[in-house]
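Work through the exercises below with the structure open beside you, and try each task before you read its solution.

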Number of protein chains: 2
Amino acid sequence: LVICAKGVELESGALMSEVAHEVVGDRPLAILSGPTFAHEVARGLPSAVTLACADNALGAAIAAALGGATLRPYLSDDMVGAQIGGALKNVMAIAAGIAIGRGLGENARAAIMTRGFAEMVRLARAKGGRIETLAGLSGLGDLVLTCSSAQSRNFSLGSALGGGESLADILAARESVAEGVTSAPAMVALGKLLAVELPIAEAVDAVLHKGANINATIATLLARPFRPEY
Amino acid sequence: LVICAKGVELESGALMSEVAHEVVGDRPLAILSGPTFAHEVARGLPSAVTLACADNALGAAIAAALGGATLRPYLSDDMVGAQIGGALKNVMAIAAGIAIGRGLGENARAAIMTRGFAEMVRLARAKGGRIETLAGLSGLGDLVLTCSSAQSRNFSLGSALGGGESLADILAARESVAEGVTSAPAMVALGKLLAVELPIAEAVDAVLHKGANINATIATLLARPFRPEY
(Lines give C-alpha, C1' and ligand atoms only; values in the text may rest on other atoms or scores of the structure.)
Protein backbone atom coordinates (compact mmCIF):
# COMPACT_ATOMS: atom_id res chain seq x y z
CA LEU A 1 0.00 0.00 0.00
CA VAL A 2 1.39 3.38 -1.00
CA ILE A 3 -0.05 6.02 1.31
CA CYS A 4 -0.74 9.39 -0.31
CA ALA A 5 -2.90 10.92 2.44
CA LYS A 6 -1.32 13.58 4.65
CA GLY A 7 -2.05 14.45 8.25
CA VAL A 8 -2.54 12.68 11.60
CA GLU A 9 -5.59 11.04 13.13
CA LEU A 10 -7.33 13.71 15.19
CA GLU A 11 -8.05 11.75 18.37
CA SER A 12 -4.85 9.73 18.62
CA GLY A 13 -2.19 11.77 16.83
CA ALA A 14 -1.38 8.59 14.86
CA LEU A 15 0.41 8.91 11.52
CA MET A 16 -1.32 7.54 8.42
CA SER A 17 1.13 4.59 8.40
CA GLU A 18 0.15 3.79 12.00
CA VAL A 19 -3.55 3.95 11.12
CA ALA A 20 -2.98 1.77 8.06
CA HIS A 21 -0.99 -0.75 10.09
CA GLU A 22 -3.93 -1.08 12.51
CA VAL A 23 -6.19 -1.87 9.57
CA VAL A 24 -4.06 -4.07 7.31
CA GLY A 25 -1.56 -5.53 9.75
CA ASP A 26 1.88 -6.44 8.43
CA ARG A 27 1.26 -5.67 4.76
CA PRO A 28 4.24 -3.58 3.56
CA LEU A 29 3.61 0.17 3.43
CA ALA A 30 5.23 3.08 1.64
CA ILE A 31 4.71 6.85 1.74
CA LEU A 32 4.49 9.08 -1.34
CA SER A 33 4.72 12.77 -0.47
CA GLY A 34 6.17 15.94 -1.91
CA PRO A 35 5.55 19.32 -3.54
CA THR A 36 2.96 18.43 -6.18
CA PHE A 37 0.10 20.61 -7.28
CA ALA A 38 -2.01 17.91 -8.93
CA HIS A 39 -2.87 19.90 -12.04
CA GLU A 40 0.86 20.35 -12.81
CA VAL A 41 1.55 16.61 -12.38
CA ALA A 42 -1.43 15.88 -14.65
CA ARG A 43 -0.01 18.18 -17.31
CA GLY A 44 3.25 16.25 -17.26
CA LEU A 45 5.30 19.10 -15.81
CA PRO A 46 8.39 17.95 -13.89
CA SER A 47 7.72 17.11 -10.24
CA ALA A 48 9.86 15.41 -7.59
CA VAL A 49 8.57 13.43 -4.62
CA THR A 50 9.80 11.37 -1.69
CA LEU A 51 9.05 7.65 -1.79
CA ALA A 52 9.66 6.33 1.71
CA CYS A 53 9.64 2.63 2.51
CA ALA A 54 11.26 0.76 5.38
CA ASP A 55 12.25 -1.96 2.88
CA ASN A 56 14.81 -0.36 0.55
CA ALA A 57 14.42 -2.92 -2.23
CA LEU A 58 10.64 -2.62 -2.22
CA GLY A 59 10.96 1.18 -2.19
CA ALA A 60 13.21 1.07 -5.24
CA ALA A 61 10.75 -1.22 -7.04
CA ILE A 62 7.83 1.10 -6.29
CA ALA A 63 9.87 4.12 -7.42
CA ALA A 64 10.67 2.35 -10.69
CA ALA A 65 6.97 1.49 -11.19
CA LEU A 66 5.61 4.97 -10.39
CA GLY A 67 8.44 7.19 -11.62
CA GLY A 68 9.00 8.38 -15.14
CA ALA A 69 10.48 11.13 -17.22
CA THR A 70 8.70 13.90 -15.34
CA LEU A 71 7.58 12.40 -11.99
CA ARG A 72 10.83 11.89 -10.09
CA PRO A 73 10.77 9.79 -6.90
CA TYR A 74 13.65 10.15 -4.44
CA LEU A 75 14.11 7.21 -2.07
CA SER A 76 14.08 7.21 1.70
CA ASP A 77 13.62 4.55 4.37
CA ASP A 78 12.34 7.05 6.94
CA MET A 79 8.55 6.66 6.82
CA VAL A 80 8.03 8.69 10.00
CA GLY A 81 10.02 11.67 8.78
CA ALA A 82 8.29 11.54 5.40
CA GLN A 83 4.88 11.98 7.05
CA ILE A 84 5.59 14.82 9.49
CA GLY A 85 6.24 17.45 6.82
CA GLY A 86 2.92 16.92 5.07
CA ALA A 87 1.09 16.98 8.37
CA LEU A 88 2.55 20.25 9.63
CA LYS A 89 3.14 22.29 6.47
CA ASN A 90 -0.48 23.41 6.08
CA VAL A 91 -0.40 24.97 9.54
CA MET A 92 2.78 26.83 8.63
CA ALA A 93 1.17 27.99 5.37
CA ILE A 94 -1.63 29.61 7.37
CA ALA A 95 1.01 31.39 9.49
CA ALA A 96 2.87 32.54 6.36
CA GLY A 97 -0.41 33.76 4.87
CA ILE A 98 -1.25 35.73 8.01
CA ALA A 99 2.14 37.47 7.85
CA ILE A 100 1.71 38.43 4.18
CA GLY A 101 -1.95 39.42 4.64
CA ARG A 102 -1.01 41.67 7.54
CA GLY A 103 1.74 43.38 5.50
CA LEU A 104 4.70 42.07 7.51
CA GLY A 105 6.73 41.46 4.36
CA GLU A 106 8.71 38.72 2.70
CA ASN A 107 11.48 38.60 5.31
CA ALA A 108 8.85 37.71 7.90
CA ARG A 109 7.42 34.97 5.69
CA ALA A 110 10.88 33.49 5.12
CA ALA A 111 11.51 33.58 8.88
CA ILE A 112 8.19 31.82 9.58
CA MET A 113 8.97 29.13 7.01
CA THR A 114 12.41 28.58 8.52
CA ARG A 115 11.28 28.52 12.13
CA GLY A 116 8.29 26.43 11.05
CA PHE A 117 10.73 24.01 9.48
CA ALA A 118 12.54 23.84 12.84
CA GLU A 119 9.21 22.85 14.43
CA MET A 120 8.83 20.08 11.83
CA VAL A 121 12.32 18.80 12.60
CA ARG A 122 11.73 18.79 16.36
CA LEU A 123 8.43 16.93 15.97
CA ALA A 124 9.90 14.44 13.51
CA ARG A 125 12.88 13.69 15.74
CA ALA A 126 10.61 13.17 18.74
CA LYS A 127 8.63 10.63 16.67
CA GLY A 128 11.84 8.90 15.49
CA GLY A 129 12.30 10.62 12.10
CA ARG A 130 15.49 12.18 10.73
CA ILE A 131 16.37 15.77 9.81
CA GLU A 132 17.60 14.63 6.36
CA THR A 133 14.11 13.44 5.49
CA LEU A 134 12.54 16.71 6.60
CA ALA A 135 15.13 18.54 4.52
CA GLY A 136 13.83 16.65 1.50
CA LEU A 137 10.87 16.87 -0.83
CA SER A 138 8.24 15.67 1.65
CA GLY A 139 9.34 18.29 4.20
CA LEU A 140 11.15 21.38 2.96
CA GLY A 141 9.87 20.93 -0.61
CA ASP A 142 6.23 20.69 0.32
CA LEU A 143 6.59 23.50 2.88
CA VAL A 144 8.08 25.81 0.25
CA LEU A 145 5.31 25.14 -2.25
CA THR A 146 2.50 25.50 0.26
CA CYS A 147 3.81 28.68 1.89
CA SER A 148 4.82 30.48 -1.31
CA SER A 149 2.01 29.97 -3.75
CA ALA A 150 -1.22 31.94 -4.04
CA GLN A 151 -2.63 28.63 -5.34
CA SER A 152 -2.29 27.16 -1.85
CA ARG A 153 -5.64 27.04 -0.05
CA ASN A 154 -4.04 27.25 3.37
CA PHE A 155 -1.83 30.18 2.46
CA SER A 156 -4.75 32.11 0.97
CA LEU A 157 -6.88 31.41 4.05
CA GLY A 158 -4.12 32.78 6.26
CA SER A 159 -3.73 35.78 4.01
CA ALA A 160 -7.46 36.58 4.31
CA LEU A 161 -7.23 36.20 8.10
CA GLY A 162 -4.23 38.52 8.18
CA GLY A 163 -6.21 41.02 6.10
CA GLY A 164 -8.88 41.14 8.78
CA GLU A 165 -11.56 38.70 7.61
CA SER A 166 -13.05 36.34 10.17
CA LEU A 167 -12.51 32.58 9.94
CA ALA A 168 -16.26 31.99 9.79
CA ASP A 169 -16.67 34.37 6.82
CA ILE A 170 -13.69 32.84 4.99
CA LEU A 171 -14.92 29.27 5.45
CA ALA A 172 -18.48 30.22 4.47
CA ALA A 173 -17.24 31.73 1.21
CA ARG A 174 -15.30 28.69 -0.06
CA GLU A 175 -16.05 25.12 -1.00
CA SER A 176 -12.47 23.86 -0.81
CA VAL A 177 -10.89 22.45 2.33
CA ALA A 178 -7.98 24.21 4.08
CA GLU A 179 -6.60 21.26 6.02
CA GLY A 180 -4.49 23.42 8.33
CA VAL A 181 -7.62 24.64 10.11
CA THR A 182 -8.24 21.12 11.36
CA SER A 183 -4.63 20.01 11.68
CA ALA A 184 -3.51 22.97 13.83
CA PRO A 185 -5.10 21.67 17.06
CA ALA A 186 -4.11 18.09 16.15
CA MET A 187 -0.48 19.14 15.72
CA VAL A 188 -0.52 21.10 18.97
CA ALA A 189 -1.91 18.04 20.75
CA LEU A 190 0.77 15.81 19.19
CA GLY A 191 3.44 18.29 20.24
CA LYS A 192 2.20 18.21 23.84
CA LEU A 193 2.11 14.40 23.75
CA LEU A 194 5.75 14.31 22.62
CA ALA A 195 6.86 17.29 24.77
CA VAL A 196 7.91 19.29 21.70
CA GLU A 197 7.66 23.07 21.61
CA LEU A 198 5.70 24.26 18.54
CA PRO A 199 5.28 28.03 19.04
CA ILE A 200 4.12 28.83 15.50
CA ALA A 201 1.63 25.96 15.35
CA GLU A 202 0.32 26.99 18.78
CA ALA A 203 -0.03 30.58 17.62
CA VAL A 204 -2.00 29.52 14.53
CA ASP A 205 -4.25 27.29 16.65
CA ALA A 206 -4.84 30.14 19.10
CA VAL A 207 -5.75 32.58 16.31
CA LEU A 208 -8.00 30.07 14.53
CA HIS A 209 -9.80 28.45 17.43
CA LYS A 210 -9.21 30.34 20.65
CA GLY A 211 -10.05 33.90 19.70
CA ALA A 212 -6.45 35.12 20.01
CA ASN A 213 -5.77 38.58 18.60
CA ILE A 214 -3.40 38.43 15.60
CA ASN A 215 -1.32 41.48 16.50
CA ALA A 216 -0.92 40.40 20.11
CA THR A 217 0.05 36.88 18.99
CA ILE A 218 2.69 38.23 16.63
CA ALA A 219 4.05 40.48 19.36
CA THR A 220 4.35 37.48 21.70
CA LEU A 221 6.26 35.48 19.09
CA LEU A 222 8.63 38.41 18.52
CA ALA A 223 9.20 38.82 22.27
CA ARG A 224 10.71 35.35 22.67
CA PRO A 225 14.31 35.50 23.95
CA PHE A 226 17.20 35.20 21.49
CA ARG A 227 18.23 31.55 21.41
CA PRO A 228 20.15 28.93 19.45
CA GLU A 229 18.68 27.98 16.05
CA TYR A 230 18.75 24.26 16.91
CA LEU B 1 34.30 41.82 13.21
CA VAL B 2 30.82 40.83 12.12
CA ILE B 3 30.94 39.66 8.48
CA CYS B 4 27.88 40.54 6.41
CA ALA B 5 29.32 39.81 2.95
CA LYS B 6 28.23 36.62 1.20
CA GLY B 7 30.09 34.45 -1.27
CA VAL B 8 33.51 32.88 -1.69
CA GLU B 9 36.77 34.29 -3.02
CA LEU B 10 36.84 33.50 -6.73
CA GLU B 11 40.41 32.25 -7.07
CA SER B 12 40.72 30.28 -3.85
CA GLY B 13 37.17 29.24 -2.93
CA ALA B 14 37.88 30.71 0.53
CA LEU B 15 34.94 31.69 2.73
CA MET B 16 34.70 35.32 3.87
CA SER B 17 35.79 34.27 7.38
CA GLU B 18 38.89 32.64 5.91
CA VAL B 19 39.68 35.77 3.89
CA ALA B 20 39.13 37.96 6.97
CA HIS B 21 41.32 35.71 9.07
CA GLU B 22 44.16 36.14 6.58
CA VAL B 23 43.82 39.92 6.92
CA VAL B 24 43.13 40.46 10.62
CA GLY B 25 44.65 37.35 12.19
CA ASP B 26 43.14 36.07 15.42
CA ARG B 27 40.63 38.85 15.97
CA PRO B 28 37.29 37.18 16.83
CA LEU B 29 34.87 36.91 13.91
CA ALA B 30 31.12 36.42 13.60
CA ILE B 31 28.77 35.89 10.65
CA LEU B 32 25.45 37.69 10.21
CA SER B 33 23.32 36.14 7.46
CA GLY B 34 19.68 35.46 6.73
CA PRO B 35 16.60 36.29 4.67
CA THR B 36 16.62 40.05 4.75
CA PHE B 37 15.54 42.35 1.95
CA ALA B 38 17.23 45.53 3.20
CA HIS B 39 14.28 47.83 2.56
CA GLU B 40 12.07 45.69 4.81
CA VAL B 41 14.64 45.71 7.62
CA ALA B 42 14.93 49.49 7.23
CA ARG B 43 11.16 49.85 7.56
CA GLY B 44 11.26 47.96 10.87
CA LEU B 45 9.39 44.93 9.55
CA PRO B 46 10.15 41.71 11.45
CA SER B 47 13.22 39.84 10.18
CA ALA B 48 15.17 36.91 11.60
CA VAL B 49 18.84 36.19 10.99
CA THR B 50 21.57 33.75 11.98
CA LEU B 51 24.39 35.15 14.14
CA ALA B 52 27.21 32.60 14.04
CA CYS B 53 30.26 32.86 16.24
CA ALA B 54 32.67 30.14 17.37
CA ASP B 55 32.65 31.77 20.83
CA ASN B 56 29.13 31.26 22.21
CA ALA B 57 29.37 33.98 24.83
CA LEU B 58 30.62 36.54 22.34
CA GLY B 59 27.88 35.48 19.90
CA ALA B 60 25.24 36.05 22.56
CA ALA B 61 26.69 39.48 23.36
CA ILE B 62 26.67 40.49 19.68
CA ALA B 63 23.10 39.21 19.29
CA ALA B 64 22.02 41.28 22.28
CA ALA B 65 23.74 44.37 20.84
CA LEU B 66 22.35 44.02 17.30
CA GLY B 67 18.98 42.42 17.99
CA GLY B 68 15.80 44.20 18.91
CA ALA B 69 12.03 44.02 18.74
CA THR B 70 11.96 43.36 15.01
CA LEU B 71 15.47 42.16 14.03
CA ARG B 72 15.72 38.71 15.62
CA PRO B 73 19.14 37.00 15.72
CA TYR B 74 19.25 33.24 16.27
CA LEU B 75 22.55 31.91 17.62
CA SER B 76 24.87 29.34 16.11
CA ASP B 77 28.52 28.40 16.61
CA ASP B 78 28.83 26.98 13.07
CA MET B 79 30.50 29.75 11.08
CA VAL B 80 31.22 27.50 8.11
CA GLY B 81 27.63 26.33 7.77
CA ALA B 82 26.36 29.89 8.13
CA GLN B 83 28.37 31.00 5.10
CA ILE B 84 27.58 28.22 2.62
CA GLY B 85 23.90 29.05 2.27
CA GLY B 86 24.50 32.67 1.32
CA ALA B 87 27.19 31.65 -1.15
CA LEU B 88 25.11 29.07 -3.01
CA LYS B 89 21.55 30.41 -2.81
CA ASN B 90 21.94 32.95 -5.63
CA VAL B 91 22.93 30.17 -8.03
CA MET B 92 19.84 28.19 -7.01
CA ALA B 93 17.70 31.30 -7.49
CA ILE B 94 18.86 31.51 -11.11
CA ALA B 95 17.89 27.85 -11.55
CA ALA B 96 14.48 28.47 -9.97
CA GLY B 97 13.99 31.49 -12.21
CA ILE B 98 14.86 29.51 -15.33
CA ALA B 99 12.23 26.91 -14.38
CA ILE B 100 9.51 29.52 -13.86
CA GLY B 101 10.52 31.53 -16.93
CA ARG B 102 10.35 28.39 -19.07
CA GLY B 103 6.86 27.54 -17.76
CA LEU B 104 7.85 24.37 -15.88
CA GLY B 105 5.59 25.27 -12.96
CA GLU B 106 5.71 25.61 -9.22
CA ASN B 107 6.31 21.91 -8.50
CA ALA B 108 9.52 22.16 -10.51
CA ARG B 109 10.62 25.27 -8.64
CA ALA B 110 9.97 23.57 -5.26
CA ALA B 111 11.94 20.54 -6.44
CA ILE B 112 14.86 22.72 -7.52
CA MET B 113 14.88 24.53 -4.18
CA THR B 114 14.84 21.23 -2.30
CA ARG B 115 17.51 19.53 -4.40
CA GLY B 116 19.46 22.81 -4.34
CA PHE B 117 19.24 22.71 -0.58
CA ALA B 118 20.68 19.17 -0.69
CA GLU B 119 23.64 20.61 -2.66
CA MET B 120 24.12 23.25 0.04
CA VAL B 121 24.11 20.57 2.74
CA ARG B 122 26.64 18.40 0.89
CA LEU B 123 28.96 21.36 0.32
CA ALA B 124 28.63 22.57 3.91
CA ARG B 125 29.35 19.11 5.35
CA ALA B 126 32.41 18.75 3.13
CA LYS B 127 33.68 22.09 4.51
CA GLY B 128 32.93 21.05 8.11
CA GLY B 129 29.52 22.68 8.57
CA ARG B 130 26.35 21.10 9.97
CA ILE B 131 22.97 20.35 8.39
CA GLU B 132 21.18 22.10 11.28
CA THR B 133 22.83 25.38 10.33
CA LEU B 134 21.85 25.01 6.68
CA ALA B 135 18.29 24.24 7.83
CA GLY B 136 18.29 27.63 9.56
CA LEU B 137 17.88 31.24 8.52
CA SER B 138 21.24 31.62 6.76
CA GLY B 139 20.52 28.54 4.62
CA LEU B 140 16.94 27.48 4.08
CA GLY B 141 15.58 30.90 5.03
CA ASP B 142 17.73 32.83 2.60
CA LEU B 143 17.20 30.22 -0.13
CA VAL B 144 13.42 30.51 0.23
CA LEU B 145 13.45 34.30 0.02
CA THR B 146 15.80 34.44 -2.94
CA CYS B 147 14.08 31.72 -4.98
CA SER B 148 10.48 32.85 -4.33
CA SER B 149 10.45 36.59 -4.71
CA ALA B 150 10.17 38.58 -7.90
CA GLN B 151 12.22 41.17 -5.97
CA SER B 152 15.22 38.84 -6.14
CA ARG B 153 17.70 39.95 -8.80
CA ASN B 154 19.02 36.44 -9.35
CA PHE B 155 15.57 34.90 -9.65
CA SER B 156 14.46 37.55 -12.15
CA LEU B 157 17.65 37.08 -14.20
CA GLY B 158 16.96 33.34 -14.33
CA SER B 159 13.36 33.97 -15.28
CA ALA B 160 14.44 36.17 -18.19
CA LEU B 161 16.91 33.49 -19.32
CA GLY B 162 14.19 30.87 -19.11
CA GLY B 163 11.95 33.11 -21.19
CA GLY B 164 14.53 33.12 -23.98
CA GLU B 165 16.55 36.31 -23.47
CA SER B 166 20.33 36.09 -23.77
CA LEU B 167 22.58 36.67 -20.77
CA ALA B 168 24.34 39.51 -22.56
CA ASP B 169 21.07 41.32 -23.25
CA ILE B 170 19.85 40.84 -19.68
CA LEU B 171 23.09 42.14 -18.17
CA ALA B 172 23.21 45.09 -20.57
CA ALA B 173 19.70 46.14 -19.56
CA ARG B 174 20.28 46.30 -15.80
CA GLU B 175 22.49 48.24 -13.41
CA SER B 176 22.10 45.89 -10.46
CA VAL B 177 24.36 42.93 -9.77
CA ALA B 178 23.08 39.34 -9.91
CA GLU B 179 25.77 37.67 -7.81
CA GLY B 180 24.85 34.18 -8.94
CA VAL B 181 26.30 34.85 -12.41
CA THR B 182 29.74 35.17 -10.84
CA SER B 183 29.29 32.67 -8.03
CA ALA B 184 28.12 29.80 -10.25
CA PRO B 185 31.61 28.96 -11.58
CA ALA B 186 33.15 29.66 -8.16
CA MET B 187 30.74 27.21 -6.51
CA VAL B 188 31.37 24.59 -9.17
CA ALA B 189 35.12 24.97 -8.62
CA LEU B 190 34.68 24.67 -4.85
CA GLY B 191 32.55 21.56 -5.34
CA LYS B 192 35.29 19.98 -7.46
CA LEU B 193 37.91 20.91 -4.86
CA LEU B 194 35.86 19.19 -2.14
CA ALA B 195 34.67 16.31 -4.38
CA VAL B 196 31.02 17.25 -3.89
CA GLU B 197 28.44 16.67 -6.62
CA LEU B 198 26.51 19.89 -7.42
CA PRO B 199 24.36 19.03 -10.45
CA ILE B 200 22.11 22.11 -10.30
CA ALA B 201 24.98 24.55 -9.77
CA GLU B 202 26.84 22.87 -12.64
CA ALA B 203 23.79 23.15 -14.87
CA VAL B 204 23.42 26.86 -14.10
CA ASP B 205 27.12 27.45 -14.78
CA ALA B 206 26.86 25.56 -18.07
CA VAL B 207 23.83 27.59 -19.20
CA LEU B 208 25.37 30.92 -18.12
CA HIS B 209 28.94 30.51 -19.25
CA LYS B 210 29.35 27.46 -21.46
CA GLY B 211 26.64 27.95 -24.04
CA ALA B 212 24.59 24.99 -22.83
CA ASN B 213 21.07 24.74 -24.24
CA ILE B 214 18.44 25.20 -21.51
CA ASN B 215 16.05 22.49 -22.70
CA ALA B 216 18.84 19.96 -23.15
CA THR B 217 20.23 20.81 -19.70
CA ILE B 218 16.83 20.32 -18.07
CA ALA B 219 16.40 17.00 -19.90
CA THR B 220 19.78 15.84 -18.58
CA LEU B 221 18.84 16.74 -14.99
CA LEU B 222 15.54 14.85 -15.35
CA ALA B 223 17.31 11.80 -16.77
CA ARG B 224 19.40 11.22 -13.64
CA PRO B 225 18.67 7.79 -12.07
CA PHE B 226 16.25 7.55 -9.13
CA ARG B 227 18.32 7.67 -5.95
CA PRO B 228 18.21 8.25 -2.19
CA GLU B 229 17.38 11.81 -1.09
CA TYR B 230 20.46 11.99 1.17
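**Exercise 1.** Find which residues T114(A) touches, leaving out those up to four places away in sequence, and decide whether T114(A) is buried or exposed.

*Solution.* Begin by locating the residue in this predicted model: T114(A) has its place in helix α5 of chain A. Next, list its contacts, which are A135(B), G136(B), L137(B), L140(B) and G141(B), once residues up to four places away in sequence are not counted. Then turn to the accessible area: the relative value for T114(A) is 1%, and since buried means under 20%, T114(A) is buried.

**Exercise 2.** Describe how helix α4 and helix α5 of chain A are placed relative to each other, and state which residues meet.

*Solution.* Two packed helices are described by the angle between their axes and the distance between those axes. For α4 (residues 79-101) and α5 (residues 106-127) of chain A, the axes come within 9 Å and cross at roughly 155°. Because an angle over 145 degrees counts as roughly antiparallel, α4(A) is roughly antiparallel to α5(A). The crossing of these two helices is right-handed. Now look at the residues: on the side of α4(A) they include V80(A), I84(A), L88(A) and M92(A), while on the side of α5(A) they include I112(A), G116(A), M120(A) and L123(A). Sorted by class, the contact of α4(A) with α5(A) has twelve nonpolar, two polar and four charged residues.

**Exercise 3.** Work out how many residues of helix α11 of chain A are buried, and what covers them.

*Solution.* Helix α11 of chain A runs over residues 199-209, and nine of its eleven residues are buried, so that the helix is mostly covered. Among the buried ones are P199(A), I200(A), V204(A), D205(A) and L208(A). The cover over these buried residues includes α4, α5, α8, α9, α10 and α12 of chain A. After α11(A) comes G211(A), which has a positive phi, near 70°.

**Exercise 4.** State how many helices and strands chain A has, and judge how compact the chain is.

*Solution.* Counting gives twelve helices and four strands in chain A. The radius of gyration of chain A is 17 Å, close to the 17 Å that the globule rule gives for 230 residues, so the chain is as compact as a globular protein of that length. Along the principal axes, its C-alpha trace spans about 50 × 40 × 35 Å. Finally, 57% of the 230 residues of chain A count as buried.

Definitions and conventions:
Residues numbered from 1 in each chain as written. Chains lettered and ligands numbered in written order. Predicted model: local features only at pLDDT ≥ 70, side-chain atom pairs only at ≥ 80, totals over all residues. Heavy atoms only, no water. Axes fitted to C-alpha atoms, helices over the stretch in contact; angles between N-to-C directions. Parallel < 35°, antiparallel > 145°, perpendicular 65-115°, else oblique. Left-handed = near helix turned anticlockwise from the far one by under 90°. Contact = heavy atoms within 4.5 Å. Nonpolar A, V, L, I, M, F, W, Y, C, P; charged D, E, K, R; others polar. Buried < 20%, exposed > 50% of the residue type's maximum accessible area, 1.4 Å probe, protein only. Rg over C-alpha atoms; globule rule 2.2 N^0.38 Å.
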